[in-house]
Every structure is written in C-alpha cells, then in structure tokens.
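Subject: Structure handover

Hello,

The structure we spoke about is below, with my notes after it. Please read the notes with the structure open.

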Amino acid sequence: MSVVAITRYGGRLSAYVLGIASGAVKIIGVILVIATFNFILVHAAPGDPAQVIAGQSGAADETLLRQVRSAYGLDQPYLVQLASSLKKTLTLDLGYSYRQQRTVLSLLLERLPATLLLTGTAFILSLVLGTALGTIAGTRAGKWSDTFFTIVSLLLYALPVFWLGLMLVLLFSVQLNWLPPFGYVTVGVEMTTWQRIADIAWHMVLPTLSLAAVYLAIYARLMRSSIIEVKQQDFIKTARAKGVTESRIVMHHLLRNAILPVITVAGMQAGGVVGGAVVVETVFAWPGLGRLIYDAVLQRDYPVMQGIFLVMSVVVIGLNLLTEAVYRMVDPRISVRSVT
Amino acid sequence: MKTLASFLRHPAGVIGLVILTGVVVLAIVAPTLFPVDPWDMVAAPFEPPFDGETWLGSDMLGRDVAACIAYGARVSLLIGVSSTLAALVIGVTVGAIAGYFGGRVDEVLMRLVELFQTIPGFILAILLVATLGPSLSNVILAIGAVSWPQLARLTRAEFLRLRSREFVQAAVCQGQPPLSVVLRHILPNAVSPIIVTGSLMIASSILIESALSFMGLGDPNLMSWGFMIGASRSVMRQAWWMSVFPGIAIFLTVLAINLVGEGLNDTLNPRLSRKARAA
C-alpha cells in the first residue's frame with residue numbers, strides 16, 4: 001500500500017469518525033434544547049403544572065397531584081427542576097403517562113417501529129420517484145411530458161396530506177374495494193411470516209402514497225430545474241463532443257450532479273415528512289407515534305406529547321445525518337478532490 | 001402599474017389570482033350569502049348535494065356544507081395571513097439582526113434558526129396549541145412560531161449582500177443610526193424576495209391550520225375546513241360530500257396562492273426568472 005493510499009484511507013476514516021462525533025453532539029444538543037423547551041411549556045401552560053402533567057383524568061385527584069408534585073419536584077426552585085428534568089431526559093427517563101398507566105419510554109418504543117417503517121418508506125419512495133419524474137421532465141424540457149409532469153407536481157404540491165389520504169380511501173377502499181382502508185395488519189387471521197410481511201405491505205400502500213405525494217412533487221420540480229441547469233454546463237458539452245453515449249451522459253454526468261440539491265432539500269424536508277406522518281397515521285389508524293400523539297392530544301396527555309416531540313426530533317436528525325452521508329457519497333467533486 | 005402589467009402577462013399567475021379573488025369574495029359575502037349561523041341546522045341530516053335546499057349537501061347535524069365552506073374561507077384566510085405576518089415579524093427581525101451585525105451575533109442566531117429547521121415543525125405546533133389552548137390567537141402564534149426560520153435565512157442572506165454595497169456604506173459613513181440604515185436603505189431593497197416567500201408562506205400556513213383543526217386543535221368556536229373534514233371521517237361511507245368539498249376548497253385556495261406567488265416571483269425577481277427561462 002503506497003503512502004498516498006494510506007493517507008487517503010486515514011483521511012477518510014478520520015472524516016467518518018469526525019462525522020459520527022459531530023452527529024452525536026448535534027443529537028445531544030437538540031435533546032437538551034427540546035427538554036428545556038418541554039419544561040418551559042409545562043410551566044407556561046395555563047393552570048397548575050401538576051394538573052398539566054397528570055392530564056384531565058387525574059387533575060381532580062388530590063393524592064395523584066401530590067404524587068406528581070413530588071415525582072417531578074414541582075415544589076423545588078425552577079433551576080433545580082430544570083436540571084433534574086434534563087438529567088432525566090439524558091438517562092432516557094421520559095416520565096410517566098398517568099393516562100395510560102405506563103412509562104412514556106415503553107409506549108414510544110412500542111410505537112416507534114411502525115412510524116420508522118412508514119416514514120422511511122415514504123421518504124425513499126418520494127426521493128426515488130421524484131428524481132425519476134424530474135429527470136424525465138428535465139431532459140425533455142418543453143415537450144408535452146415535461147408540461148404534464150410540471151402540472152401534476154404543481155397540483156400534488158397543493159394537496160392537504162390528510163385529505164389526499166381520505167380521498168384515496170374513498171376511491172380504493174370504499175368504491176373499488178382494492179386496498180384496506182386502515183390499520184397495520186389484518187386482525188384475527190393465522191399467517192406465516194411471509195404472509196404477514198405481505199399483509200403489512202398491502203396495508204402500507206395507501207398511507208405511504210399519501211405521505212410521499214407532496215414530497216414527490218417537491219423533489220420532481222427541483223430535479224427538473226436542476227437537470228435543466230446542469231445540462232447547459234460545459235462538461236456535458238465536452239462529454240457529448242467526445243462521443244459519449246446519451247444514456248451514459250444522463251446516468252454518469254447529468255444525474256450525479258443534478259441530484260445534489262435534491263438531496264440537500266430532502267434533508268431539510270425530513271422534519272416535514274415526520275410531521276406529515278402524524279396526520280397520515282391519524283387518517284389510516286396506523287399504530288405509530290403519530291396516531292399516539294393524536295390520542296395524547298385528545299386526552300391532553302402532556303408527558304406522551306412531549307416524549308413524541310423529542311423522539312421525532314431525534315428521528316429527523318437521524319434522517320438529516322443520513323442524507324448528509326448520501327450527499328458525500330454521491331458528490332463527484334469529493335472523489336475528484338481525494339484523487340488530486 | 002408596470003409591475004401589475006408584467007404580472008398579468010403570466011398566465012398561471014392570472015389563473016391563481018382569479019381563483020384567489022373568488023375565495024376572498026366568498027369569505028367577504030359569506031354572511032350575506034348565508035345569513036344563518038353555519039353551526040345551525042338548516043336541512044335534514046345527510047342531504048346529498050345538488051338536490052334539495054342546500055347546494056353542497058348537509059352534514060350529520062343538518063348543517064349546510066356550502067355555508068360552512070364560505071365561513072371556513074374567512075378562518076383559513078385570516079389565519080393564513082396573520083400567521084404569515086407573525087412569521088414575517090420574527091423572521092425578518094432575526095434575519096436582519098444576524099445579517100446586519102454579523103460575527104458572533106450572526107452565528108448564535110443562525111444556530112437557533114438551524115435548530116428550528118431541524119425539529120418537526122408540525123409536531124411543535126401541535127404541542128404549542130395543545131398546551132396553550134386551541135384559541136384563534138394561539139393557533140396563529142403556533143403557526144408563526146414554526147414558519148419564521150425560512151424568512152430569517154432569506155432576510156439574512158439579502159442583508160449580507162446589501163450590507164457591503166456603496167449606498168449602505170455611504171449611509172453608515174454619514175453617521176446614520178443602524179435602525180435608520182436598516183429601515184431606510186437595506187430593507188426596501190430586500191423586500192421583493194421577502195414578499196414572494198411570504199406570499200407562498202400563506203399557502204403553507206393554511207395547510208398547517210387545516211391539519212391542526214383536522215386533528216381537533218382548531219378554535220372550537222370557528223368553522224374551519226380542516227374541522228369539517230375531521231368531522232366527516234366517521235361518516236365517509238354515507239356522506240362523501242362532507243369530506244370532498246372542504247378538501248377541494250383547501251386545495252384550490254392553496255393552489256391559487258402558490259400560482260400567484262410564482263407569478264409575483266417572475267414579476268418581482270425578473271432577472272432570476274429570465275435566467276431560469278434561458279436555462
């Protein structure tokens with residue numbers, strides 16, 4: 001192994017370590033800020049904080065209120081309370097849902113997989129389909145297919161996510177009876193593992209489509225304009241002059257450069273996808289964190305709402321870090337730099 | 001006048017403006033068109049649309065869907081515009097301070113903006129409204145609180161660009177106080193991209209408001225489109241019109257505002273749009 005290769009390898013390794021370390025710092029920083037914010041919010045809410053934490057059901061019960069006051073140290077000075085609540089958050093003690101009679105963490109962990117499955121699938125689907133449609137439109141700029149996709153993405157972009165979900169249910173479940181209208185899996189049927197996976201996938205079609213549609217529109221529009229911009233650049237003309245085939249130009253030169261702004265925006269939109277999951281899960285009774293926050297809102301279960309806010313924020317940062325890593329992998333300039 | 005003429009040459013913008021005018025007129029004439037309170041029972045429950053006393057059918061309590069949509073337009077437009085104004089006040093102030101003073105101040109404020117852009121805004125809005133109570137002012141505040149970062153970034157970028165220009169430097173050299181330099185020299189030159197982004201933000205605010213009231217977090221005294229769709233869910237099989245029409249209202253309003261926003265973009269940032277067209 002040459003010295004150059006070793007330095008390059010070492011450089012990459014340290015870049016990865018640095019990336020992971022800065023990601024960890026970012027996550028802990030956000031967790032602390034959100035825990036502080038949650039703390040302020042409970043005290044800013046109208047009424048007694050103990051009543052806020054206990055929820056509507058427990059508010060009338062004086063013994064429970066006393067219990068909550070001592071558990072949260074509500075008789076202590078504010079700074080002491082804040083410090084202890086930050087410490088609790090960092091040790092993953094997210095409090096107790098008096099409404100559900102369970103710790104918030106156990107509730108969230110039970111619901112998290114369903115949300116990750118839905119948001120992850122919708123996120124990837126919207127990126128893949130969006131860039132594909134954007135590429136088709138961008139490479140055929142001015143033709144009818146371009147106009148068609150541009151109009152479709154403009155229309156999709158104006159749709160309220162929850163309404164789109166309901167309309168899909170009305171069409172595909174109520175009218176055509178093709179797809180299940182709600183839920184995660186068919187209840188009360190014996191199934192093998194594969195049948196179960198297929199059943200979950202079948203239930204996922206409508207929620208995933210409703211969640212992905214808006215973002216698909218955003219990425220398609222962005223990819224289209226990015227393709228049009230990159231197409232004009234000199235290195236594409238050079239490649240064409242050198243006699244490179246058109247498909248190779250699109251795949252190797254155009255796509256790899258044009259997709260970069262889409263990846264950046266996808267990272268910025270991660271929070272939106274996660275927020276959209278809340279309404280989509282509500283519409284489709286999808287048993288994830290979004291559905292849980294809806295129930296928590298109805299019951300005014302603040303510890304659960306705050307826990308979900310925290311966990312969803314961490315999920316968003318995770319998606320951000322993921323898109324950053326993908327950006328570094330795709331960006332052709334970075335590999336050029338490492339060679340020179 | 002020139003701006004208007006230039007806007008009118010943009011067909012999509014004109015279509016948007018026509019639809020939007022329709023929605024605004026509907027919101028204004030709602031009490032004349034439907035003198036009865038939208039919460040009142042005016043027909044038999046579940047009356048289908050287009051035949052009977054109501055245009056767009058009635059809901060499970062015999063309320064007129066058309067009347068509810070007309071009154072809902074008032075709420076959507078009011079919340080869309082006022083929460084955007086709230087976001088403008090926060091975003092432009094933060095962005096102006098960061099861009100004008102730069103350095104450490106800029107760094108701290110931009111970290112704050114980054115934080116707000118990372119956290120899921122809609123969940124923060126849910127938390128704010130659920131905790132502070134679902135009133136009109138809290139909904140406006142919550143939407144404003146999650147929308148401002150984009151405007152702060154934009155304003156900062158514009159201020160950074162303009163800060164080093166000769167006319168701004170000249171004003172600073174004349175000894176004008178910072179507030180006067182910002183308000184009289186920088187802001188007027190940064191205003192067009194802010195207007196464009198602000199107009200598009202009205203659309204996203206309306207979408208957030210409808211999702212909040214769909215989740216049962218709207219002001220319970222005001223009829224809103226999101227609430228209507230939320231209430232229709234349990235009877236979707238019997239009464240499709242209860243969910244279809246309010247949804248179309250949201251869709252058309254948001255689409256219209258987006259089209260107007262794009263038209264404004266082409267009119268107010270002509271250099272940018274010419275470049276895009278040439279490309």
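A residue is called buried if 20 or more other C-beta atoms lie within 10 Å of its own, exposed if 12 or fewer do, and partly exposed in between, with C-beta atoms placed from the backbone. This is a predicted model, in which local features need pLDDT of at least 70, side-chain atom pairs count only at pLDDT 80 or more, and totals for chains, interfaces and linings use all residues. Residues are numbered from 1 along each chain as its sequence is written, and chains are lettered from A and ligands numbered from 1 in the order in which they are written.

A:Q269 first. Because A:Q269 has 22 C-beta neighbours inside 10 Å, it counts as buried. A:Q269 sits in helix α10 of chain A; helices are DSSP runs of H or I with at least four residues, numbered from the N terminus. Beyond its neighbours within four places in sequence, A:Q269 contacts A:Y215 and A:I218 (contact: C-beta atoms, placed from the backbone, within 7 Å). From A:Q269 to A:T150 there are 119 residues in sequence and 20 Å in space, C-alpha to C-alpha.

Next, the two chains. On the A side 43 residues are in contact with 36 residues of chain B. Of the elements of chain A on that side, α12(A) gives the most, with 10 residues. By class, the side of chain A that touches chain B has 33 nonpolar, 8 polar and 2 charged residues. Here Ala, Val, Leu, Ile, Met, Phe, Trp, Tyr, Cys and Pro count as nonpolar, Asp, Glu, Lys and Arg as charged, and the others, Gly among them, as polar.

In chain B, helix α5 covers residues 121-132. Its 12 residues should span 16 Å at 1.5 Å a residue, and its end C-alpha atoms are 16 Å apart, so the two agree; the expected span is 1.5 Å times one less than the number of residues. Of the 12 residues of α5(B), 11 are buried, including B:F122 and B:L128. Just after α5(B), B:G133 has a positive phi of about 105°.

Also in chain B, the axes of α6 (residues 136-163) and α8 (residues 178-214) come within 9 Å and cross at roughly 155°. α6(B) is therefore roughly antiparallel to α8(B) (angles over 145 degrees count as roughly antiparallel). The contact of α6(B) with α8(B) has 13 nonpolar, 8 polar and 2 charged residues.

Regards

Key:
Helices (H or I, at least four residues) and strands (E, at least two) are DSSP runs, numbered from the N terminus. Axes are lines fitted to C-alpha atoms, for helices over the stretch in contact, and angles run from 0 to 180 degrees between N-to-C directions. Angles under 35 degrees count as roughly parallel, over 145 as roughly antiparallel, 65 to 115 as roughly perpendicular and the rest as oblique. Two residues are in contact if their C-beta atoms, placed from the backbone, lie within 7 Å.
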